[in-house]
2 protein chains.
Amino acid sequence: MKNVVTAKDVAKLAGVSQSSVSRVYFEGANVSEKTRKKVLAAAEELGYRPNEFARSLITNRTKIIGLVMKGVQNPFYPQVLQQFTASFKKWGYSVLFVHTNNDEIQKEDIETLLNYNVAGVVITDATMALSAAEAFRSNEIPLVLFNRKLKTGEFYTVCCNNLSASRQIAEYLIGKGGGDMVYIAGNENTSTSREREAGFRETLERNQVAYRKYASDFTYEGGYATTLKVLEGKKVPSAFFAANDIMALGALDALRQHSIRVPEDTKIIGFDNIDMASWPAYELTTWEQPIEKMVEETVNYLLSEIDEYSGLIKTVEVDGSLIERKTT
Amino acid sequence: MKNVVTAKDVAKLAGVSQSSVSRVYFEGANVSEKTRKKVLAAAEELGYRPNEFARSLITNRTKIIGLVMKGVQNPFYPQVLQQFTASFKKWGYSVLFVHTNNDEIQKEDIETLLNYNVAGVVITDATMALSAAEAFRSNEIPLVLFNRKLKTGEFYTVCCNNLSASRQIAEYLIGKGGGDMVYIAGNENTSTSREREAGFRETLERNQVAYRKYASDFTYEGGYATTLKVLEGKKVPSAFFAANDIMALGALDALRQHSIRVPEDTKIIGFDNIDMASWPAYELTTWEQPIEKMVEETVNYLLSEIDEYSGLIKTVEVDGSLIERKTT
DNA sequence: CTGAAAGCGCTTACAG
DNA sequence: CTGAAAGCGCTTACAG
């Protein structure tokens, strides 16, 4: 019963061939204005819509982008999802949403993406086996790692300039005075956490500021628990740098529970600039990730690769900026 | 170059007909174990995957569910998205994510859903013109409104038992003492806000407790600003009921800014039980929406309608429960 | 600019 | 249980 109206029906009503109907719906094809009008009128009358599947079958192209995401709990990512969806929509692409619980994308998810012959893939906060990447490459499906670097030189990557950002963060905190600082790391297997650590640590060491690192996991609960652990030592550090905002908020709440005043007794800075960072309960100083710009870079690359596949590999780093609020 | 391996190639290598290859991948079809093994071996060797588009073209069925969402800013919805994706994945369905900025789903989004011939549709916090619904109905595409009621009797709806919940909330607050209460409403055109208001108001009036309603919009900023407006009056109400958690958090921050103690000077209760409600900075008393159960109800209905379309219309209301924390 | 025809990669009666 | 063949709804050379 479904979708009963076909190009053939429209052709009959319009008094043209099925090929002409097809041409009306295929941009770039040659059709006279007269034919176009007849076809569109007939299509309107019958409620015709071209069948995407027949179309994809023959063109071997789809208008679907696969978007892979893990941490929807972190408000940063829903925002990313929204912006990608909006941006792709402008170009006529729809988003197939793939959620992965594991750090690494599972085989079944890759298969789904391949089965739907997606035009392109965006991977946000998940990793991928190189063999999986090979499957996309051999099918000439362009792929972008968003906000994560894997093996350099293997993927097109778009992310924030974490190294330079964390150096600036270190300098900023040093400027605020105080002699020992704590880095609250995110998951150790992410480039974002490692790079933010590297820039921060290196700058502190160069300035002979004491540095401690505590492992955590990019969640609010993690930031909270980790900060409690930091406070077990007798000395409160002069400043905290949390690898993302949601951990910074947890850290802030942990500090408050111990009646440690921020920014008087210690300072804290996050990363991302999620909505909550600006809430009056937090007023968190942070580093803004330019999501819009990052999304734009990603979409532009994918569209150009869809247009003509080159397999270009590059790492694009977009600069963010310091957002100063009341925790420093 | 893409997806070059077809059933024909596999058939040749396996020494069987293309029909047999097809049968191996079509569950329920009759194939001998011997044939199956030969085919799977050949498929493995060639890296064969059935083409979903060819399949959909002929069966007129897809394994795609359209999920329409508006407010990804409210952490409640990413959670909903995640649970739907996980749940559908178990049944072999993928999620086409449609984000709408407007309250009402736009025509182009409906077209996308129809073009991809989705097997079913879930609409969360958005509304839809009846004419759009008609398009789904006439194509026998099952549809569920999740957490929103539109015209009763027109849609299959799954939501929380808002009326009973808000009555219990009112009784709970009355039990805590105090004589005048404020309802912070969400968007006026949503059933969730209206129903929560109705149950709350009705119970207060029956108990002769003064009631005031303030319009707001389901956002943190809205809850914050609206509460400031409430406080412009000289008298601080004895309690606030915010139509969702994110507004309640905004309200709480506004109260703090005015140094009004919670729960001593006034009380506040939200709705949803989002992650943040349990954060130490808030410890918000709220009503938990049983997302898991609601998702399950939705998925079960859709699967049964996909299996055999009946057009069944019903409103399923799932009970939630009070989560008592420190704001009451 | 237009139509007739081949073909995309599958599923599914049909006959054996 | 299996194979040959028709056909799903399109696009796209090809010829006119």
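**Figure 1. Salt bridges in the predicted model, with one that reaches across chain A.** Over all chains, the count comes to 38 salt bridges in this predicted model. The close-up picks out one of them, the pair formed by A:E324 and A:K176, whose closest N and O atoms are 3.5 Å apart. A:E324 sits in the segment after β12 (321–323) of chain A, while A:K176 belongs to the loop between α8 (162–175) and β6 (180–184) of chain A, so this pair ties together parts that are 148 residues apart in sequence. Side chains of opposite charge can pair when their charged atoms come close.

**Figure 2. Where chain B meets chain A.** Here 52 residues of chain B are in contact with 53 residues of chain A. Put together, the two chains bury about 5,100 Å² between them, and 58% of that is on carbon and sulfur atoms. As for polar pairings, there are 11 residue pairs in polar contact between chain B and chain A, with both residues at pLDDT 80 or more. On the chain B side, the elements that give two or more residues are α4, α5 (76–90), β2 (94–99), α6 (107–115), α10 (220–232) and α11 (245–257). Sorted by class, that side of chain B has 23 nonpolar, 16 polar and 13 charged residues.

**Figure 3. Salt bridges and a strand pair between the chains.** Zooming in on the charged pairs, we find 2 salt bridges between chain B and chain A. One of them links A:K89 to B:D109, with the closest N and O atoms 3.0 Å apart.

**Figure 4. The protein surface around DNA strand D.** There are 27 residues around DNA strand D, and those that come nearest are A:S22, B:R23, B:N30, B:T35 and B:I58. Of the atoms of DNA strand D that come within 4 Å of the protein, sugar and phosphate account for 56%. The top contributor is α4(A), with 5 residues. By class, the surface near DNA strand D splits into 11 nonpolar, 12 polar and 4 charged residues.

Figure 5. A polar side-chain atom of A:Q18 is 3.4 Å from a base oxygen of DNA strand D. For A:R23, an N or O atom in the side chain lies 3.1 Å from a base nitrogen of DNA strand D. A:Y48 goes for the phosphate instead, with a polar side-chain atom 3.2 Å from a phosphate oxygen of DNA strand D.

**Figure 6. DNA strand C and its protein surroundings.** Around DNA strand C there are 27 residues, the closest being A:R23, A:N30, A:T35, A:I58 and B:S22. Sugar and phosphate make up 55% of the DNA strand C atoms that come within 4 Å of the protein. Helices α2 and α4 of chain A, plus α2 and α4 of chain B, each give at least two residues to this surface, and α4(B) gives the most, with 5 residues. The class tally for the surface near DNA strand C is 11 nonpolar, 12 polar and 4 charged residues.

**Figure 7. Phosphate contacts along DNA strand C.** A:S17 uses its side chain, placing a polar atom 2.8 Å from a phosphate oxygen of DNA strand C. From chain B, the backbone takes part: a polar backbone atom of B:A7 is 3.0 Å from a phosphate oxygen of DNA strand C. B:N51 also has a backbone N or O atom 3.3 Å from a phosphate oxygen of DNA strand C.

Figure 8. In chain A, the peptide bond from A:V262 to A:P263 is cis, with omega near 10 degrees. A:P263 lies in the loop between α11 (245–257) and β9 (267–269) of chain A. That loop of chain A also holds A:S259, a residue other than glycine with a positive phi, near 55 degrees. Over in chain B, a cis peptide bond joins B:V262 and B:P263, with omega about 10 degrees, and B:P263 is found in the loop between α11 and β9 (267–269) of chain B.

Methods:
Residues are numbered from 1 along each chain as its sequence is written. Chains are lettered from A and ligands numbered from 1 in the order in which they are written. This is a predicted model: local features need pLDDT of at least 70, side-chain atom pairs count only at pLDDT 80 or more; totals for chains, interfaces and linings use all residues. Side-chain values use heavy atoms; hydrogens and water are left out. A residue is near a molecule or strand if one of its heavy atoms lies within 4 Å of it. A polar contact is a pair of N or O atoms within 3.5 Å; within protein, one must be able to donate a hydrogen and the other to accept it, and residues adjacent in sequence count only if both atoms are side-chain atoms. Helices (H or I, at least four residues) and strands (E, at least two) are DSSP runs, numbered from the N terminus. Ala, Val, Leu, Ile, Met, Phe, Trp, Tyr, Cys and Pro count as nonpolar, Asp, Glu, Lys and Arg as charged, and the others, Gly among them, as polar. Contact means heavy atoms within 4.5 Å. Buried area is the accessible area (1.4 Å probe) that two parts lose on being put together, summed over both. A salt bridge is a side-chain nitrogen of Lys or Arg within 4 Å of a carboxyl oxygen of Asp or Glu.
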